[in-house]
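Colleague: Hi, could you walk me through this one? I'm new to it.

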Amino acid sequence: MKEGPCRLFGTSYSSSLKEASLFNGVSSHCMDFDDVSWATIGHPSVSVAPSVFACAQKGKWNGKQTLLAYVLAVESMHQIARLTMPQLSERGWHTTLAYGVFGAAVPAVRLLGLNEDECANALGIADHIEAGVSLLGPKEMTCHLPQNAVQAKFSLEFALAYRLIFGKLSLSSFTDQNVLAPEIQAMMKKIKMEVSPELAKLGFIGTAPIRLKVYLKDGMAITLSNDLAVGNPEKPLPEQVVKEKFMDCSKGAADQEKAEKWYEILKNLENATQEEILSLGNP
């Protein structure tokens, strides 16, 4: 592995722009714990952020330059998605990859200072690469009655069962031991999932509304509904919850003090210095 100016996040190593983007991209997605956007119905940051921060560290960008590259990259993905969704997803294509290659290319366009024609060529090359590696998969990645931690990440049954029995659900909840716990397995078998005729009329949308009905032992039933997940602009997460999630995700990559510093830098990214950008991901 070549040494370079770009940090391999969570390690003491640095490498080239290409290798750091690839390493951090794979690492970012390995837990399947990502953000989601309505336009792509995919995970924009996992494709964009590794490229943005690698370019920022190579180009010695400040926070404002880094933030601008991120916004341009995500917007590029979304503008393309608006022209091709929901048809692309309905046909089984993995939207994170299909749109992510464009988002990943945009920070490099900024770094190299390409003009309009060169930018179009860069996106064309990205499209050519994506066309060769996108996988046609199932329309819905769901797992019925999971038997291990990986399957549980795609199981609403596990999420509901764990929440009912153990309480708060976090990254540490997804272990083979928890999935195979007798009480979890028993509870999952009591959970039935089906498409609501009412919600089916809405078509393929990214807001993922849900209706939940809980039948109690005494015969009573409790009905709950949610049309929009917390974390959307209309229902933002409280800052303390965002920080708790960030700190939880940082476990294993840095100690609490270092993770706190990273959080403060990212929280005020627009005003971050070149030195602060360079310090990100370095434990």
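Modeller: Happy to; we can begin with the overall picture and then turn to single residues. This is a predicted model, where local features need pLDDT of at least 70, side-chain atom pairs count only at pLDDT 80 or more, and totals for chains, interfaces and linings use all residues. Residues are numbered from 1 along each chain as its sequence is written, and side-chain values use heavy atoms, with hydrogens and water left out.

Colleague: Great. How many helices and strands does the protein have?

Modeller: There are 14 helices and 4 strands. Both are DSSP runs numbered from the N terminus: helices are H or I with at least four residues, strands E with at least two.

Colleague: What share of the residues is buried?

Modeller: 34% of the 283 residues count as buried. Buried means under 20% relative accessible area, exposed over 50%, and partly exposed in between, with a 1.4 Å probe and protein chains only.

Colleague: Let's switch to cysteines. How many disulfides are there?

Modeller: The structure holds 0 disulfides, a disulfide being a pair of cysteine sulfur atoms within 2.5 Å. For Cys 55, the nearest cysteine sulfur is that of Cys 6, 7.5 Å away.

Colleague: Where is Ala 20 found?

Modeller: Ala 20 is in helix α1, residues 17–29, and counts as buried at 0% relative accessibility. Beyond its neighbours within four places in sequence, Ala 20 is in contact (heavy atoms within 4.5 Å) with Cys 6, Arg 7, Leu 8 and Ala 54. Its C-alpha is also 7.6 Å from that of Pro 50, 30 residues apart in sequence.

Colleague: One more: is Ser 173 buried or exposed?

Modeller: Ser 173 is buried, with a relative accessible area of 1%. This serine sits in the loop between α8 (156–166) and α9 (176–179). Leaving aside neighbours within four places in sequence, Ser 173 has contacts with Phe 158, Tyr 162, Lys 168 and Asn 178.
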